[in-house]
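This report is meant for a reader who is meeting the structure for the first time.

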Amino acid sequence: MSWTRNEMAARAAQELEDGFYVNLGIGIPTLVANHIPDGMSVTLQSENGMLGMGPFPIAGEEDADLINAGKQTITTLPKSSFFDSATSFAMIRGGHIDLSILGAMEVAENGDIANWMIPGKMVKGMGGAMDLVAGVKRCIALFDHTNKRGESKFIKACTLPLTGQNCIDMVITDLGVFERDKAHNQFRLQELAPKVTLDEVKAKTEADVIFE
Amino acid sequence: MSKVFSTAGEALGGLCHDGLTIMSGGFGLCGIPENLIAALRDSGASDLTVISNNAGVDGFGLGQLLETRQIKKMISSYVGENKEFERQYLGGELELEFNPQGTLAERIRAGGAGIPGFYTKTGVGTLIAEGKEHKDFEGETFILETGLKADIAIVKAWKGDAEGNLIFKATARNFSPMMAMAGQITVAEVDEIVPVGALDPNFIHTPGIFVQRIVEAKCEKRIEQLTVREA
């Protein structure tokens, strides 16, 4: 049984550490916020200019001037701060953010990631993704292991235009967890989702990954 | 010479003509200078180059200037919320230059601070790096990005005074403080103009030197993604 979106987010939350400043991407990564362990202090950064992102507001208490990077209404916490976009990206590009968890269209065995454009289709833009993968200390890519046609998204070399080179430290998919072994410059299978077999994950992984 | 104007149209009076480069503050629809955008539309100025993180939505914000075909080129990081934008871009009617969001913010900051260029790791090895100077610092590769300036910057603030001092509210600040610095003329629309001296100098975000004109105007403040939790 592969992991659901929510279970993938819960698994990614196990990578959080007390005191971390974290940026969560749009989509499944946003769900990680629901799984921060009790008693752990994690500060969420929103790249449009906020540290200490609070939960969604109760209906009627929304404020059009207070949104996250997904343009959703949010709230503050006692520890929150606001700042301009240059300061926000100084946090990201200056290496002050501990962890970025982001979605991906493709991740390659060398740590490259593509998640912003498909040639020939409408290009929406990279937003802050290129800054995040280039600047944040540790980057986790969280995505479905295969596409709708069943083809691997964890591959030998990205075919889509890159978001960043050699920047992904961990891959978490619906099938398992892969840690990048810096010494061998290779991803290594760390954990399988419940009832997912080694044969299944091998068959669905195009990237050259260490499985034992 | 007073910086205070009574309407958005008057605040842009004498400034708008074809071919201008305009910076417009805001992230999504949060913190956009709604009234100044509408006044720019009403001015009829066309062939505009607009530097803004996003391009509004259909019929609102910068979407209004797209409908009237006043924009020749956009410099943005994300434009995914606007069908008319997509139509004009795919039809070859609109030029588009994508910048990573942090690169965009820093280019505007640099432009306003008199810094013609800077090196960044962002975009190395991607389409963004093509044709740009590469340079190694301490064993890592960086690319050269240039500062951006504008003929006019239009920004939205929460409170301001007749000196042009501004404070912004919550995440409506985003790109506006840097754009105020990078505009040759910066026009600010604010929810409220307060008497000089009413703003605590310790908490002014944009000092008045960066703001040439200011107008108090009521904003609609649309919400793009109303998201709530159970009480």
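Of the contacts in chain A with a separation of 6 or more, what percentage comes from residues 24 or more positions apart? Such residues account for 60% of these contacts, where contact means heavy atoms within 4.5 Å.

This is a predicted model, in which local features need pLDDT of at least 70 and side-chain atom pairs count only at pLDDT 80 or more, while totals for chains, interfaces and linings use all residues. Residues are numbered from 1 along each chain as its sequence is written, chains are lettered from A and ligands numbered from 1 in the order in which they are written, and side-chain values use heavy atoms, with hydrogens and water left out.

Chain A has 5 helices and 12 strands; these are DSSP runs numbered from the N terminus, helices being H or I with at least four residues and strands E with at least two. For its 212 residues a compact globule would have a radius of gyration near 17 Å, and the 17 Å of chain A agrees; this radius is taken over C-alpha atoms, and the globule rule is 2.2 Å times the number of residues to the power 0.38. In chain A 56% of the residues count as buried, that is, under 20% relative accessible area with a 1.4 Å probe and protein chains only.

Strand 2 (residues 43-46) and strand 3 (residues 50-53) of chain A run antiparallel and are joined by 2 bridges; strands pair if DSSP finds at least two bridges between them. The hairpin that they form has 3 residues between the strands, and A:G49 there takes a positive phi near 125 degrees. Strand 3 of chain A is also joined by 3 bridges to strand 4 (residues 76-82) of chain A, again antiparallel.

| Residue | Bridge partner |
|---|---|
| A:Q45 | A:L51, in strand 3 of chain A |
| A:M53 | A:T76, in strand 4 of chain A |

Over all chains there are 5 aromatic pairs, counted where ring centres of Phe, Tyr and Trp (its six-membered ring) lie within 6.5 Å, with planes under 30 degrees apart called stacked, over 60 edge-to-face and the rest tilted. The rings of A:W116 and B:F98 have centres 6.2 Å apart and planes at 90 degrees, so this pair is edge-to-face. Because A:W116 lies in a loop of chain A and B:F98 in strand 5 (residues 95-98) of chain B, the pair joins two chains. A:W116 is buried at 8% relative accessible area, and B:F98 is buried at 14%. Elsewhere, ring pairs link A:F154, A:F178 and A:F187 into a cluster.

Definitions and conventions
Buried means under 20% relative accessible area, exposed over 50%, partly exposed in between (1.4 Å probe, protein chains only).
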